[in-house]
Amino acid sequence: MGGVARLGVLLAVGSVLAWTGSAAEPFKLSAARAKRSVAITFDDLPAANSSFRRDLLNDPKVFIRQNEKVLRELRRMKVPVAGFVSSSFKPSSWDMQDVHALLEVWDKAGAALGNHTTSHRDYHEMTPAAYFADILSGQQFLESALGKPPVGQKYFRAPYLHRGASQSTREQLEQYLNEHSYRIAPVTIDLQDWVFAEIYIWADANNDQVGKEAVVKGYLEYLEASIKHYALLSAVVTGRQTPHVALLHANALNYDHIKEVIERFRRQDFEFISLEAALLDPVYQQMPSASGTWIRGWQQQQGLPWVAAPAPNRYLASLSTDYQKRPLEQGRAALQ
Ligand SMILES: [Zn+2]
């Protein structure tokens, strides 16, 4: 496909998804439908704090049983997963034995486990030296909690997907990761599930069943639109269907509705592969210079305009303003 034609497709994808969110497809990229694959990854293990009920988090045994159930379900659906651990997401009432028990569940389920730093701070607001110390202590936490180094490839996932605000800091990070034998875990499908998850848990805390159901409905519709957006964008930007890596978070919304979440990928002809298998594709040797999703980085490098992904707020329209304001009150801007 030539540059101009690709740009036309790109704009069509963006306008349709951004403005109508319609389930109807405006066109079909036949090659794009041929084969789609995705590796499912979860960030913020052991548990994204504000996205779980406090009473559940405060009882590690119950929480670990829930994780077992989710991982069993994923296994039944033949969905390999990877999980990224940051000690900042260790619930304050847990000791290291609890973290060990949780990570062991993931490890025994065959999940790849990777480092997501200790503090979950933003590289773009730190010196490289401070960031590398954070990566090192993140690895120490992961290995001591698990009781061994994770099996297989050593992975690093950058919080906020920030890999350096300047060329120099980016190169320093790359060099550090190379020297320490890390493979950076890319993301091509960035699902802002945490926005929905915080609202979901707020509705739960308020015993608002109707609100909770509305968030779930909105989330699943949003997932459908976002998956479609990134799959089509990827076909346009790379000229083929590359294996995807989807970013989800360890939160109650995903855990309570894991079957429906996976179903949203399956419906769009995705098959599920491991992170390791996805990264065998040579496209992942071309790390883009921009932070964020790699699709976006590759797109910028080709000089194509950015087409925004579907915004969560459109899928929460049935909820009261109080709900929609909530993540904003917590200093998050993603609903804009
Ligand atoms: Zn994170």
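## Arg264 and its contacts

Two residues are in contact if their C-beta atoms, placed from the backbone, lie within 7 Å. The model described here is predicted. In it, Arg264 is in contact with Leu220, Leu223, Glu224 and Ile227, leaving aside its neighbours within four places in sequence.

Arg264 belongs to helix 11, which covers residues 258-266. Is Arg264 buried or exposed? Arg264 has 21 other C-beta atoms within 10 Å. The cut-off for a buried residue is 20 or more, so Arg264 counts as buried. One of its contacts is Leu220. Arg264 and Leu220 are 44 residues apart along the chain. Their C-alpha atoms are separated by 7.3 Å.

## Helix 4 against helix 5

Two packed helices are described by the angle between their axes and the distance between the axes. Here the pair is helix 4, residues 60-76, and helix 5, residues 96-108. Their axes come within 9 Å. They cross at roughly 10 degrees. Angles under 35 degrees count as roughly parallel, so helix 4 is roughly parallel to helix 5.

Which residues make the contact? Helix 4 supplies Pro60, Ile64, Asn67, Glu68 and Leu71. Helix 5 supplies Asp98, Ala101, Leu102, Val105 and Trp106. Of the residues in this contact, 7 are nonpolar, 1 is polar and 2 are charged.

Strand 2 spans residues 81-85 and is mostly covered. How many of its residues are buried? The count is 5 of 5. Val81, Gly83 and Val85 point one way from the strand. Ala82 and Phe84 point the other way. Residues on both sides are buried.

Strand 2 pairs with strand 1, residues 36-45, through 4 bridges. These two strands run parallel. Strand 2 is also joined to strand 3, residues 112-115, by 4 bridges. That pair runs parallel too. Ala82 takes part in both pairings. Ala82 is the bridge partner of Thr41, and Ala82 stands opposite Ala112 in strand 3.

Helix 7 runs over residues 167-179 and has 13 residues. From its first C-alpha to its last, helix 7 reaches 18 Å. That is close to the 18 Å expected at 1.5 Å a residue.

Notes. Residues numbered from 1 in each chain as written. Predicted model: local features only at pLDDT ≥ 70, side-chain atom pairs only at ≥ 80, totals over all residues. Axes fitted to C-alpha atoms, helices over the stretch in contact; angles between N-to-C directions. Parallel < 35°, antiparallel > 145°, perpendicular 65-115°, else oblique. Nonpolar A, V, L, I, M, F, W, Y, C, P; charged D, E, K, R; others polar. Buried ≥ 20, exposed ≤ 12 C-beta atoms within 10 Å, placed from the backbone. Expected span 1.5 Å × (residues − 1). Pairing = 2+ DSSP bridges.
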